Amino acid sequence: KNIYMKKTTIVIGQTAPITEELIKKYGFIITPFVIDWPEMDSLEGNNIFEKMRDAEKKGIKTVPKTSQPSIGVCKKIFDDALKESESVVCITLSSQLSGAYNSAVQAKKMLNESDQSKVFVFDTFSADVSESLIALRAGELAEEGVSGEEIFKEITEMSPNVHLFGILESPKWLEANGRLNHTLSVILSQMQKIGMRPILSVKDGLVKAANLKMQAKNTAQALFKQAEEVIKKPLEEGKICRVAISHADALEEAEKLKKMFEEKYPQVEVSFIALTGIVVGCRVGPGTLLISCSIEK
């Protein structure tokens with residue numbers, strides 16, 4: 001047996017936005033997703049969201065589609081991870097939003113029996129930055145030498161206390177992806193014009209409308225108010241809250257949001273700001289801002 005073996009390796013999807021620095025620090029293994037968008041290479045931009053803006057400018061009607069990692073890809077990741085660690089915890093986005101969880105579960109079944117018992121596949125029932133906050137906690141525990149089984153237990157308890165909220169720049173991308181009907185899309189657009197900001201969240205693994213914020217100057221302020229409703233009471237009770245922010249090419253708003261926390265709640269750790277993950281990002285479109293808050297016991 002390799003004496004330098006890690007106790008646990010954490011596997012996360014490309015759906016979970018996170019910084020390079022944190023990936024290195026915790027040795028996260030990233031499961032890649034596939035983007036299918038034939039026009040992608042001919043578009044200007046440094047990231048998918050800039051390219052989506054360019055496509056809109058050029059009147060290109062197609063939208064990027066993503067597909068989950070194959071069972072084979074997941075199995076190879078598990079095989080490789082088990083060569084250097086005693087157990088593996090694989091964290092996926094909601095099984096209601098993607099087949100990624102299912103791919104990982106099927107891949108685990110293809111391992112030999114003793115390896116199967118070392119792999120723990122966790123369905124976050126959430127997405128994007130919420131996945132990242134759960135992964136971050138798992139990474140910290142792994143670094144402390146906690147076993148895969150124990151980490152799985154802890155993140156199972158943690159996950160109901162991780163909240164995700166987002167505001168779209170425009171509902172048209174969700175409509176183009178077939179995730180929103182035309183009538184609702186028009187209503188949401190009208191609301192935004194008069195300063196009402198619809199806030200989306202993930203409930204029971206599915207994207208739902210959470211709230212309507214009135215008189216919010218900008219998306220950052222609307223999301224700050226929404227997050228505040230979730231963290232205010234726990235903070236008064238002395239609980240620890242953590243926040244992570246992702247944006248689909250809306251860095252300025254993301255920075256504004258971070259600053260609001262630093263000024264009003266210096267005790268809240270803003271773990272990072274990162275570019276929204278591709279699966280959620282391709283559906284919600286450029287300009288989207290997302291925040292996740294986790295409340296620790």
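Begin by selecting the largest pocket, in which about 540 Å³ of space lies. The model on screen is a predicted one, in which local features need pLDDT of at least 70 and side-chain atom pairs count only at pLDDT 80 or more, while totals for chains, interfaces and linings use all residues. Residues are numbered from 1 along each chain as its sequence is written, and side-chain values use heavy atoms, with hydrogens and water left out.

**First stop: the largest pocket**

A pocket here is an open set of points on a 1 Å grid over the protein atoms alone, with protein on both sides within 12 Å along at least five of seven lines, and its lining residues have an atom within 4 Å of a point. The volume is the space filled by probe spheres set on the points, which are joined across faces, edges and corners. Select L174, L200, S201, V207 and K208, which lie nearest the centre of the largest pocket among the 28 residues that line it. Then colour β7 (162-167), α9 (182-193), β8 (197-203), β9 (206-213) and α12 (278-284), the elements that give two or more residues to this lining; helices (H or I, at least four residues) and strands (E, at least two) are DSSP runs, numbered from the N terminus. It is β9 that gives the most to the lining of the largest pocket, with five residues. By class, this lining has 21 nonpolar, four polar and three charged residues, where Ala, Val, Leu, Ile, Met, Phe, Trp, Tyr, Cys and Pro count as nonpolar, Asp, Glu, Lys and Arg as charged, and the others, Gly among them, as polar.

**Second stop: the second largest pocket**

The second largest pocket has a volume of about 280 Å³. To find it, select P160, V162, V202, K203 and D204, the closest to its centre of the 14 residues that line it. The elements that give two or more residues to this lining are β7 and β8, and β7 gives the most, with four residues. The lining of the second largest pocket divides into six nonpolar, six polar and two charged residues.

A cavity is a set of grid points where a 1.4 Å probe fits but cannot get out, and a search of the whole structure finds two cavities of 30 Å³ or more. The largest cavity has a volume of about 70 Å³; select G13, T31, P69, T92 and A100, which are the closest to its centre of the 13 residues that line it. Here β5 (85-92) and α4 (100-109) are the elements that give two or more residues to the lining, with β5 giving the most, at three residues.

The second largest cavity, with a volume of about 60 Å³, is lined by L168, S170, P171, L188, Q192, P198 and L200. Its lining takes two or more residues from each of α9 and β8, and by class it has five nonpolar, two polar and no charged residues.

**Last stop: a helix pair**

Finally, select α10 (residues 219-236) and α11 (residues 251-264), which pack at an angle of about 40°, with their axes 9 Å apart. Axes are lines fitted to C-alpha atoms, for helices over the stretch in contact, and angles run from 0 to 180 degrees between N-to-C directions. The two helices are therefore oblique to each other, since angles under 35 degrees count as roughly parallel, over 145 as roughly antiparallel, 65 to 115 as roughly perpendicular and the rest as oblique. Show the side chains of T219, A220, Q221, L223, F224, A227, E228 and I231 of α10 together with E253, K256, L257, M260, F261 and K264 of α11, which make the contact (heavy atoms within 4.5 Å). By class, the contact of α10 with α11 has eight nonpolar, two polar and four charged residues.
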